[in-house]
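Biologist: I'd like to learn how to read a model like this one. Can we go through it together?

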Amino acid sequence: MKNDPMLVHGVPIEPEFAEAFDMKATRVIVTGHDRQWALDGATAMTGFGTSVIACGVEIAIERELGRDETPDGRPGFAILAFAVSGSELEKQIPRRAGQCILTCPTSALYAGIPGNKSLHPKRVALGKMIRYFGDGHQISKVTEGRRFWRVPVMDGEFVCEHDVGRVDGIGGGNFLLLGESIEGVTIACRAAIEAMKNLPDVITPFPGGAARSGSKVGSKYAKLFASTNDAFCPTLKTSVDTLLRDDENVALEIVIDGMSFDAIAHSIKVGITAACKAGSGKGLSRVTAGNYGGKLGKHHFHLAKVMQ
Amino acid sequence: MTTWTLRLKQSPEFAIDGSSIDARELAGKSKSMIESMKIGADCLGDWFDVVIGDRGEGDRIELIGDLSNFHHIGANHQRGEIHVDGNVGDFVGAAVGGRRLGMTGGRIVVVGNAGPYAGHRMRRGEIWIGGDCGRLAAAHMVAGSIMVAGQVGADSFVGMQRGSFFASRLPKLASGRFTRPLESFYLLASLIRPPKTEVFESFWKQFRITPVISVRGDRAVGGQGEIVAPAAG
């Protein structure tokens, strides 16, 4: 009985661990004259931001903010971004801010990491770069130690904070939902994402919060660092060393980036609990986690410990 | 962080240069050392009762009394707050003598009135005046913000290069030197927190919620300073 897996709402939780990595992170806040404009800007900025493999950053809306939480009292959204290096983050954020927020009607962009240069000496440029779009008509304003730029645009002024602090984050926290059918696993997956969507300090950057293309390290092709995680591919069950049972035909991976170990651990617990509650008896057969043997990432989220 | 409270014992009948009342000058000094600091021809202790205290946020100098004859208050101000519970004299936050720039940061709050040349050549920071200000306010202003809840004196904004001046109503301006008034919303106002007193909070609310009118100038010097007032003012 010692090795029996933990059950959550009757769904077995495998004694596996998720392996995650150090990343560089930041948070920005997008506001708009109304919720829709703010959402439009945030959606644009977080587009094509699922994986650092080809997108440069993993970026997504962290949560919607109330008017009392935004710097200018308007509707807004907090966005978290993660990159493998500070320089990549410093390249991606100004680019996305310029093309996606500056262009969005009524929008404004603020730092979401409290603290000035003395607290966070590593900075990611926001208005520091975009201000030049003002062609000399831009106006700087410093209040309470924070510098804002006002750039004239066609609906008035684009207000943008000068820069934002860069901090350490963790990328690659995960859990996998396994089941017989896509319908059953989808129910569990969507329940997990719904439960996790307003948690602070974490994002799930893949489409709908989940990835079907989980990867393993290495490839038969020398130029590729990663390739399909064949052990979880149902069509390869009979031809490779599979980790799926005979009755399991779908595996979806929920990938979590977070500002701290505790934030990711909490989100895994919330997500798995919701997934098991919704998916129990509807096709969710097991929950497990993805790792590389513990050799690549120093952050290990043991599901048995996280779910306690 | 430190609070220095300087309570005026008696109002001088002559002008005194108050620019030495500066947080960097006061920092690290004992009460007796501060009282012996020179101010004009006298010592600080001749004019003020000095109390030193601690507080959580930035450095703060509290000046209590009618300082109408103390000029150049905050001339070298860089950070923290100078809070004047009363009136101040001429050149608040302004450059001293032949210096190019006045205050370069922080906030000066004057609950009462200010004399002429408020913010003359100021470079950065905020000056809040709850009452009236004298003539030539914001003259040759380089940058920063000045907020005046009361009346604005004549000939103000001459040579204004950049910076923002907020008034309860648009003052009379020199002909041809400023753009025509435009109406807009002023989003940045929601990012600036007024001093926590009724006069400033109600004054500032007009800029945060309702449309404003603004003009730019002084065009005589190629300036892009802005003068902003509530559209309904």
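Biologist: Let's start with a helix: which residues of H5(A) are buried?

Modeller: A quick note before that: this is a predicted model, where local features need pLDDT of at least 70, side-chain atom pairs count only at pLDDT 80 or more, and totals for chains, interfaces and linings use all residues. Residues are numbered from 1 along each chain as its sequence is written, while chains are lettered from A and ligands numbered from 1 in the order in which they are written.

Modeller: Now, "buried" means 20 or more other C-beta atoms within 10 Å of a residue's own (12 or fewer is exposed, in between is partly exposed; C-beta atoms are placed from the backbone). In H5(A), the buried ones are Ile264(A), Ala265(A), Ser267(A), Ile268(A), Lys269(A), Gly271(A), Ile272(A), Ala274(A), Ala275(A), Cys276(A), Ala278(A) and Gly279(A).

Biologist: What span does helix H5 of chain A reach?

Modeller: Helices (H or I, at least four residues) and strands (E, at least two) are DSSP runs, numbered from the N terminus. The expected span is 1.5 Å times one less than the number of residues. H5(A) covers residues 261–279, 19 residues, and reaches 26 Å from first C-alpha to last, close to the expected 27 Å. After H5(A) comes Gly281(A), with a positive phi near 80 degrees.

Biologist: How many residues of strand S5 of chain A are buried?

Modeller: Eight of its eight, so to speak: S5(A), residues 76–83, is mostly covered. Gly76(A), Ala78(A), Leu80(A) and Phe82(A) point one way, Phe77(A), Ile79(A), Ala81(A) and Ala83(A) the other, and all are buried.

Biologist: Which strands are joined to S5(A) by bridges?

Modeller: Strands pair when DSSP finds at least two bridges between them. Strand S3 (residues 17–31) of chain A has eight bridges to S5(A), running antiparallel, and Ala25(A) stands opposite Phe82(A). Strand S4 (residues 58–65) of chain A has seven, also antiparallel, with Leu65(A) partnered by Gly76(A).

Biologist: And in chain B, what is the strand order of the open sheet?

Modeller: The 11 strands go S5-S1-S6-S8-S9-S10-S11-S12-S15-S14-S13, with mixed pairing. At the edges, S5 (48–54) and S13 (182–184) of chain B each pair on one side only. Within that sheet, S9(B) (residues 104–110) and S10(B) (residues 124–129) run parallel and share five bridges; Arg107(B) has Glu126(B) as its bridge partner.

Biologist: How many residues does each chain bring to the contact?

Modeller: Two residues are in contact if their C-beta atoms, placed from the backbone, lie within 7 Å. Chain A brings 13 residues and chain B 11. On the chain A side, S8 (139–143), S9 (146–153) and S10 (156–161) each supply at least two residues.
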